[in-house]
Amino acid sequence: MRVSLGLGQDQRIFLCTAKKRASNCVCHSRKVLISSFLTRYQKALSRVNGKKRIDLMEESKDGKGGLMGGEEKMAETRVDELRVVFLSTEVSPWSKVGGLADVISALPKALARIQSEWKGDYNYSIETCRVMSVAPMYEQYDDVRDCQLDVPLPEYPLEGICRHASLFETRDDAGVHRVFVKHPMLGMRRHDASKGHPSLTYVEADGGVYDCRNMDIRYDILAWGALVSGILLPNYEENTERIADAAEGEPIASCCEGSTARNVVFVLNDWPSALHVLRLKHIMQGLISNDVKESLSDIEKRILGSLGRVKTLFCIHNVAYQGVFSEDTLSNILLPPDSVAPLYTKTRLEDILGPTPDEEGNESDTLGITKDLNDVRLDDKTVNFMKGALLCCDQIVTVSPQYAKEIMSDDTSLNCGMGDILHRRGVCGIMNGIDTVEWDSLHDKYLPVDGRFGSTTVSKGKSYMKKAIQQKFGLNVDDKAVLFVFIGRLTEQKGVDVLLRSFTKILPQKEAPRPTKSVEECRTESQQSKLQLAVLGTGDPWMERAVESLEHSFPGHAAGICEFSEEIAHCLLAAADYVIVPSKFEPCGLIAQCAAHYGAVPIVTATGGLYDLGRSGIGRLMPKFDTVGESVDAMIETVNTAVEDYKTDLYIQEQATCMDYDMSWNKSALQWQDIITHVLYM
């Protein structure tokens, strides 16, 4: 008998049996629905120290069922394999719209390369850790292969929608299992294709409600693909053997045979992955609750009980983007009633987490669902995906220590309405690193050979790249010019409004000659004549128009490049003397780290991860933004000082400090290892 995974209309997982295929029967597409749920966990639960499998259906010699006998033996000498699964809407180099793609590219690699044993102050030892990432497949990727596995989907109220998603996979140079979920709803949109990058993640309409049609369904499909990939998909090597057998005409007896992912920690990134938390907590793990327990067989109870050991870690990359939808979205994603309450925007915190510790005299902040969520008063017409994840996940993490403090504070401009939840739950801040293989000025594939440099050849390399950039983008070719660079999304959050107002006051403009000038005016003019600015990015339409007009307003001194280009970004960092990151708030600020690694001194505002970087002695800090006028004055003063300091001993020392600082993921990966291990055994 073969076990298949299906979806009931009430969205509860059920198990059903089907006749085993005849040995000469292979489906035309050689694809099978995700199945062998029972076989998959039968092997995991009956493995005893690597010995021969014990069939759960057989009785052991001591008269106990094979299920219980096998479990008791495992408890005596248990060596676990851990699977860490990152779920994200983007992963470089396959898809990228921001820094999240770089994180999901580099952090899993860093975890996979950790050679030390995964153990801490726990009574468990993890001998093997396998790392996986799951992301949408926006277009056809040349370096991935078809897993030949299909994921069944719910009956969404959308006419003509495909009822299954397909899984594709590859393995990168660090051994990370890269999985992609393919479905027509996840494909690249025409608007985004014209911009040269995949489907945008962070586009919001006015009022905070997303205007991209069916985005809720899109990410629900991604959540189902991640659930199946993380728990049931075989490891890459085992899947290779399975696909090879299918290609030779052998029957696929079990699409998940050999997968032993018993301990799984899902690292879920930002609001698009929130539905995965709710699916796990309220459907998969909730199935074993008392109201349905009697309807399941002993084996089914044991299988689904294993899912109780699957943990979720939710990572906030930007709390301002929360996934706010109208109440109508609940009819699209078809969640069960007991998972709805955490999503509502105005659901009271104490109704989900229970009374605050002070009210009960209890110092514990442990999450507990203390109310019947069906009885919670729902008095709002909007639902918030991120809020649901924050209330239901096992651990909350963000991308820098300072940002963790900011979003747990009472400042609503920083916590964006999530302060009470985050303060109650607690947030662990771990500073992001950068991929020092991709971001390596000495071996950068985007740089010409003569433009590559290390710490001892930085002056020569930067001089070459500055000339190349000046020639390419119409700036005056002048090695003594001080080149400032901005790279990022053109939004007010990134401080682009302040940047434009500031530089339009200090960049030299064409004007009629004046008969006499004061000494101070001559000094200012001399400084301004050395100043050059290059801006790279896309974003708000009015900002794009303003950036594109820079070259006309300040010929020879400014260049605006409104496009998405990895190559131009690398070349600009290699050419820049300073990189300016004037964010009003900034969770991490990867571009500042990349800039420092390329010998471009970062000038940053004292917020979030930028503050953490500046506090480490890297670059220069500007005051946090207050009013626009004060911020403009502060930026002008900072820029003028930077121009004066260029090529002085102070600047040369700053540049050397930047390039010598360890920007890699090495330290951060060990912190991630600790938090993942903690979550697994908490």
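**Figure 1. Lys466 and Asp577 form a salt bridge in this predicted model**. The closest N and O atoms of the two side chains are 2.7 Å apart. Lys466 belongs to helix H17 (residues 458–472), while Asp577 sits in the loop between helix H22 (566–575) and strand S18 (578–581), so the pair ties together parts that are 111 residues apart in sequence. Lys466 is buried, with a relative accessibility of 2%. Asp577 is buried as well, at 3%.

**Figure 2. Lys584 and Glu492 form a salt bridge between two loops**. Here the closest N and O atoms are 4.0 Å apart. Lys584 is in the loop between S18 and helix H23 (590–597), and Glu492 is in the loop between strand S15 (482–487) and helix H18 (496–506), so this pair ties together parts that are 92 residues apart in sequence. Lys584 is partly exposed, with a relative accessible area of 28%. Glu492 is also partly exposed, at 42%.

**Figure 3. Arg163 and Glu155 meet through their side chains in a salt bridge**. The N to O distance is 3.9 Å. Arg163 has a relative accessible area of 41% and is partly exposed.

**Figure 4. A network of salt bridges links Lys109, Arg113, Asp173 and Asp435**. Side chains of opposite charge can pair when their charged atoms come close. The whole structure contains 16 salt bridges.

**Figure 5. A patch of negative charge lies on the surface**. Asp626, Glu630, Asp633 and Glu637 gather in this patch. Glu637 lies in helix H25 (residues 628–645). With a relative accessibility of 57%, Glu637 counts as exposed, because exposed means over 50%.

Terms used: Residues are numbered from 1 along each chain as its sequence is written. This is a predicted model: local features need pLDDT of at least 70, side-chain atom pairs count only at pLDDT 80 or more; totals for chains, interfaces and linings use all residues. Side-chain values use heavy atoms; hydrogens and water are left out. Patches are made of residues with over 30% relative accessible area and no salt bridge: like charges are joined within 9 Å, nonpolar side chains (Val, Leu, Ile, Met, Phe, Trp, Tyr) within 5 Å. Accessible areas come from the Shrake-Rupley method with a 1.4 Å probe; for residues, only the protein chains shown count as cover. Lys and Arg count as positive and Asp and Glu as negative; His and the chain ends are not counted. The place of a charge is taken as NZ of Lys, CZ of Arg, CG of Asp or CD of Glu. Helices (H or I, at least four residues) and strands (E, at least two) are DSSP runs, numbered from the N terminus. Buried means under 20% relative accessible area, exposed over 50%, partly exposed in between (1.4 Å probe, protein chains only).
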